[in-house]
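This report sets out the computed features of one protein model. The overall dimensions come before the local detail.

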Amino acid sequence: MQKILVANRGEIAMRVMRTAKEMGIKTVAVFSEADRNMPFVRYADEAVCIGPALSSQSYLRGEKIIETAIKTGATAIHPGYGFLSENAAFSKAVSDAGLIFIGPSAHSIETMGSKIGAKQAAKKFNVPLVPGTDQPLKDLSEAKEIAKLTGFPLLIKASAGGGGKGMRIVEKESELEEQIRAAKSEALNSFGNDDVFIEKYVGAPKHIEIQIIGDQHGNYVYLFERECSIQRRHQKLIEEAPSSCLTVDIRKQMGECAVAVARSCNYYGAGTVEFLVDEHLHFYFLEMNTRLQVEHCVTEMITGIDLVKEQINVARGKKLSFTQEEVSINGHAIELRVCAEDPYNNFLPDTGKLIMYQPPKGPGVRVDDGYEQGMDIPIYYDPMIAKLVAYGKDRNEAIDRLCRAIDEYYIHGIQTTLQFGKWAVNTEPFRSGNFDTKFIDKYFKPEYLHTENIDEEHAAALLSLFVWQNETKENKSVTATETTLSKWKLNRK
Ligand code: MV4
């Protein structure tokens, strides 16, 4: 493998190409018209524009991407996350074109893409499932029978769903019929498949996932867990490894179950097995994500393993370079997703220009980003602009470093989740490890954030600049641009 095409954009395209470069592999970037000036386009050895800004006309055009790989002489395609990464047909089309898909087989993607299929596969390997069904729901009378087993509230979930779509809570039997109808209709509209199933509702679970990697020779290793409970609208905001609540014994059980799930679909490549964990540390298999995930970095920090390098080697047919006995957890890592979102306004996406962008540096800090100062955040794609990862010898050191890095991170021009992150990791529930997926709903109020009074600071900055300009004649040329004001504010902190 001498040249790979990266079928993605932004920080993950950069992430993949960095490892390729270390391995002496050339890279081809594909980009949309909106992304022409992005760092990942410049970083690649070659870059090809594949269409207009809309993902459906660029990053989702599988055939065009395959054609570009062939034209440029790339022999493999890395899909990153999102876009075509969990598209079984794309995995198959890449292989059929004689190229290597750096990810799992179409069969694995297809099996795990159906939640019902995933549960059936996992059940054969005695992996614990949430009480409920693993067959498409037939009718209301069957639903009533199942409800006797699960009790209320229960959940109706779409088999083709993910990220909470097509999911309905049912509080009592009288709502069952209407909610089944609603879930089926939503599932059909969103996924073109209206299969639903029922699960007991786990009230305030933790979301813990296990990173696994398998090769094409049947070898598997689990790379421990990530705690991802701090999320909003099924969008994770903070992830850490290891989890502060697992015991050595439960970690091993979950790891072995995750490997069993991977084995159940002959998985190879990097993958993530998601579990719900209740307050008694009972864990239940939820679903498997058949891609490299956004939060893979925290696993890399605590294991010292470059997951992209392993993905590439496994895709080439090499055996895993380590065994289960050879991997261990070293230290602690926490990731904050730095998103162009406004915590004062329900975390709604905030667009605009990065008037100032200055990432933090120093011990234990890793920033995976995809934009530079002066760039616009396009409205067409995910609002995540960077991942800030802090590493420490233990959890407290990682948290302290994350907070220090947040203070050093200077972003001006758009609202971000940075201050939310600083607030979150300093709350008592987070520090004590006693939190679950309800964390933000339960504790967060926008007024808890350190509220910079922008207007007042602006006025003060203008006034002092005015005084300074009048006092230093030789500096008459300095004018109060947005950038000088921001710099003044920065230096004042
Ligand atoms: C659940 C659950 C409670 N009980 N299943 C949400 C998305 C999908 N991946 C599964 N999800 C859930 N399934 C049962 N039986 C609660 C959630 C859930 C959740 C799960 C993980 C992370 C965040 C979540 C937020 C709300 C609900």
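## Burial and surface

A residue is called buried when its relative accessible area is under 20%, exposed when it is over 50%, and partly exposed in between (1.4 Å probe, protein chains only). By this criterion, 55% of the 493 residues of the protein chain are buried. The structure is a predicted model, in which local features need pLDDT of at least 70 and side-chain atom pairs count only at pLDDT 80 or more, whereas totals for chains, interfaces and linings use all residues. Residues are numbered from 1 along each chain as its sequence is written, and side-chain values use heavy atoms, with hydrogens and water left out.

The protein chain exposes about 21,200 Å² (Shrake-Rupley method, 1.4 Å probe). Carbon and sulfur atoms supply 50% of that area.

## Overall dimensions and fold

The radius of gyration of the protein chain, taken over C-alpha atoms, is 24 Å. Along the principal axes, the C-alpha atoms fill a box of roughly 85 × 55 × 45 Å.

The secondary structure comprises 17 helices and 22 strands; these are DSSP runs numbered from the N terminus, with helices being H or I of at least four residues and strands being E of at least two. A contact requires heavy atoms within 4.5 Å. Among contacts between residues at least 6 apart in sequence, 66% join residues at least 24 apart.

The protein chain carries 59 positive and 67 negative charges, and their mean positions are 3 Å apart. Lys and Arg count as positive and Asp and Glu as negative, while His and the chain ends are not counted. Each charge is placed at NZ of Lys, CZ of Arg, CG of Asp or CD of Glu.

Strand 6 spans residues 154–158, and five of its five residues are buried. L154, I156 and A158 lie on one side, with L155 and K157 on the other, and both faces are covered.

Strands are paired if DSSP finds at least two bridges between them. Strand 6 pairs in the antiparallel sense with strand 7 (residues 168–170) over three bridges, where I156 stands opposite R168. Strand 6 also pairs in the antiparallel sense with strand 8 (residues 196–200), over five bridges; there, L155 has E199 as its bridge partner.

## K252 in helix 9

Helix 9 (residues 248–264) contains K252. With a relative accessible area of 45%, K252 is partly exposed. K252 and S114 are 138 residues apart in sequence, and their C-alpha atoms are 26 Å apart in space.

How values were computed:
The radius of gyration is taken over C-alpha atoms; the globule rule is 2.2 Å times the number of residues to the power 0.38.
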